Amino acid sequence: MPESTQDELLSLSRRLLSAIDRRDWAAYCELCDPTLTSFEPEALGNLVEGLPFHEFYFSDEASGDRVQSTISSPSVRLMGDCAVVTYVRLTQRWPQNGSPTSAATDETRVWQRQHGVWKHVHFHRSRVS
């Protein structure tokens with residue numbers, strides 16, 4: 001795979017995590033396909049389809065904590081107009097009234113090139129035990 005495509009997909013994945021950390025709904029929607037699907041701990045084993053479920057976590061009522069995510073051990077697999085990006089996400093959180101914490105999740109992000117632009121179409125996120 002051309003290095004530039006791998007770099008582009010990792011950059012998009014970092015932008016996506018940054019949008020999540022900053023609770024930037026507009027940036028998140030720009031990167032995601034409206035039919036995004038996911039399996040994630042918050043869905044309690046259910047397949048989530050579309051963006052409305054995720055929008056809740058971007059609301060003004062969500063935490064005002066400082067949050068930063070780092071991608072560790074990334075792997076990119078290109079399959080034509082689709083790509084799978086896997087990594088461990090290290091999330092640092094500093095609550096307004098508390099001590100900093102860190103957590104890790106295993107993440108798989110599926111990207112699809114649509115009309116020349118990569119869109120995030122599916123993800124699976126699991127907590128690391």
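Because the model is predicted, local features need pLDDT of at least 70 and side-chain atom pairs count only at pLDDT 80 or more, while totals for chains, interfaces and linings use all residues. Residues are numbered from 1 along each chain as its sequence is written, and side-chain values use heavy atoms, with hydrogens and water left out.

**The largest pocket**

Rolling a probe the size of a water molecule over the atoms shows where empty space is left. On a 1 Å grid over the protein atoms alone, a pocket is an open set of points where a 1.4 Å probe fits, with protein on both sides within 12 Å along at least five of seven lines, and lining residues have an atom within 4 Å of a point. The largest pocket has a volume of about 760 Å³, a volume being the space filled by probe spheres set on the points. Its lining holds 29 residues, of which I20, E42, R89, R93 and R125 are the closest to the centre. Two or more lining residues come from each of helix 1 (3-22), strand 3 (66-79), strand 4 (82-94), strand 5 (101-114) and strand 6 (117-127); helices (H or I, at least four residues) and strands (E, at least two) are DSSP runs, numbered from the N terminus. Strand 5 gives the largest share of this lining, seven residues. By class, the lining has 13 charged residues, nine nonpolar and seven polar, where Asp, Glu, Lys and Arg count as charged, Ala, Val, Leu, Ile, Met, Phe, Trp, Tyr, Cys and Pro as nonpolar, and the others, Gly among them, as polar.

**Aromatic pairs**

The structure holds five aromatic pairs, which are rings of Phe, Tyr and Trp (its six-membered ring) with centres within 6.5 Å, called stacked if the planes are under 30 degrees apart, edge-to-face if over 60 and tilted for the rest. One of them is stacked, because the rings of W25 and Y28 have their centres 5.7 Å apart and their planes at 25°. W25 and Y28 are three residues apart in helix 2 (residues 25-31), so about one helical turn separates them. Y28 is buried at 2% relative accessibility, whereas W25 is partly exposed at 22% (buried means under 20% relative accessible area, exposed over 50% and partly exposed in between, with a 1.4 Å probe and protein chains only). The rings of W25 and F58 form an edge-to-face pair, with centres 5.0 Å apart and planes at 65°. Since F58 lies in the loop between helix 3 (52-55) and strand 3, and W25 in helix 2, this pair ties together parts that are 33 residues apart in sequence. F58 is buried, with a relative accessible area of 10%, and W25, Y28 and F58 form one aromatic cluster.

**Salt bridges**

There are nine salt bridges, each a side-chain nitrogen of Lys or Arg within 4 Å of a carboxyl oxygen of Asp or Glu; the table gives some of them.

| Salt bridge | N to O distance |
|---|---|
| R15 and E30 | 3.5 Å |
| R22 and D24 | 3.0 Å |
| R89 and E107 | 3.1 Å |

The pair of R89 in strand 4 and E107 in strand 5 links distant parts of the chain, 18 residues apart. R89 is buried at 7% relative accessibility, and E107 is buried at 1%. Salt bridges that share partners join D21, E40, E42, R89, E107, R109 and R125 into one network.
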